[in-house]
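The stops below go from charged pairs to a pocket and then to a surface patch.

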Amino acid sequence: ADIPLAADARPGPDSARVRRNRVRLAVVAAILGLQPDELIRRHQQRQVRTLVALSMLSLGIAAVMIGLAIAAVTQRDRARSEERRAQEQLIESKLQQGGALIGAERWQEGLAAFDRARSLMQELGMPRLPLALKMVEAEQRTLLPYRYIELARVAGIATSYDGSRLAVLAEKAIHVFDVKLDRKIATLQTDESAIDAFAFSDDGSMVATANGARLRLLAVADGESIAPGDATDSDITAVDFAFAVPRVFFSDTAGRVHAWNLETGQLTVIAERASPITDIRVAKNDDRLAVGWRDGTTIVCRLGEGSCTDNVDFDAGNVSSVALSEDGRWLATGDGRFLRMWDAVRGGFLSESPLGTTHVEFIGDVVVASELEGDVTAFDADTGLQMARFPAPPTLAKTQVAFSRERLALFASYDN
């Protein structure tokens, strides 16, 4: 008698769904002879049990997924570890192979093996020069290259002043590399079968080549070629760029030094002697020029707008290579028998080393001499003392070196 036969379904604060459920439960409770509150409580308990079951199911699924994820990560780490071990074994194999090949004087193959090992070490984040490489360097008394570039018939190398670009002359083409990014950025084709002289501008934007009496400038950006017309009627022997002023200097077998102003196109003979010129070099401050003639005359002169004045003479013999320090204070000469250092301002003799020097280069206050047999020796220009000596692979061709301030790296080209 206490159980109502109807329920209030009028609008109130509860939602329509809640009111409908309440009315439905009240009617069912009346039919079953139960109190509405008890039926509602049972309904709520059933909902709670359902939610608990769903939660447990979700937790179970989550646990399974976490387990699968952990298994996948473990498997991935195991695969990476196995891959790294395989690469380390390959590195060890390449190091052993390179050491054995170099020990057998098969330098080209040995250096290629070391280059592969070094590339793998960089990929793995390993030190650039691990103990194994140091041991090989100590045993062979040489330096191993961090980068090995193989090009057919390498004839010359040069770097821009800041060392950000490297130019390599090789078989009718000039390859230009970005040293910082370690990639090739241009290949400039040349028509000549052989290049007699080659130079790279200090900003790395232009390359100069000479074949016979023909001089050409090639732009690195687009390969555009310009020439000064009838520059000379004799074969060109050497070429060099001025540093700040847009001028190119070149010499010929008639004993003349020409200055080509790139802004005006004007050609001027600034020095002349009745003997073929072997080499010329401009100081980086654009103040002085060094010239070596085959008759044994070597001078350093002060550069003017269109002249070469205040000559300082040096009894350096029949030099094959000359170099001026960046500030023009020192002169280095090589004649195939000796490397000699001179005071470029006063003309005084400083020091002499019995080296079969074929090429000399200044790197700041250090002079680097390439020898006939391929070795490279570095001297302190101020004291004349030997700083380091890098024995090189056996070679039959003249060794050349260049330096990159950007990478603090020494580039050397050997054999062909």
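Which residue forms a salt bridge with Asp279? Select Arg281: its closest N and O atoms to Asp279 are 3.6 Å apart. A salt bridge here is a side-chain nitrogen of Lys or Arg within 4 Å of a carboxyl oxygen of Asp or Glu, and the rule gives a count of 16. Arg281 and Asp279 are both buried (buried is under 20% relative accessible area, exposed over 50%, partly exposed in between, with a 1.4 Å probe and protein chains only).

This is a predicted model, where local features need pLDDT of at least 70 and side-chain atom pairs count only at pLDDT 80 or more, while totals for chains, interfaces and linings use all residues. Residues are numbered from 1 along each chain as its sequence is written, and side-chain values use heavy atoms, with hydrogens and water left out.

Next, select Arg337 and Asp335, a salt bridge with 3.7 Å between the closest N and O atoms. Arg337 is exposed because its relative accessibility is 54%; Asp335, at 15%, is buried.

Move to Asp343 and Arg346, whose side chains meet in a salt bridge at 3.4 Å, N to O. Asp343 has 15% relative accessibility, so it counts as buried, and Arg346 has 71%, so it counts as exposed.

For a network of salt bridges, select Asp287, Arg288, Arg302 and Asp310 together.

Now go to the second largest pocket, with a volume of about 1100 Å³. Of its 45 lining residues, the closest to the centre are Phe198, Arg281, His359, Glu361 and Gln400. On a 1 Å grid over the protein atoms alone, a pocket is an open set of points with protein on both sides within 12 Å along at least five of seven lines, and lining residues have an atom within 4 Å of a point. Points are joined across faces, edges and corners, and the volume is the space filled by probe spheres set on them, the probe being 1.4 Å.

Colour strand 13 (277–282), which gives the most to this lining, with 6 residues. Other strands supplying at least two residues each include strand 1 (154–159) and strand 21 (357–363). Strands (E, at least two residues) and helices (H or I, at least four) are DSSP runs numbered from the N terminus.

Last, select Leu54 in helix 2 (residues 36–103). Leu54 is partly exposed because its relative accessible area is 48%.
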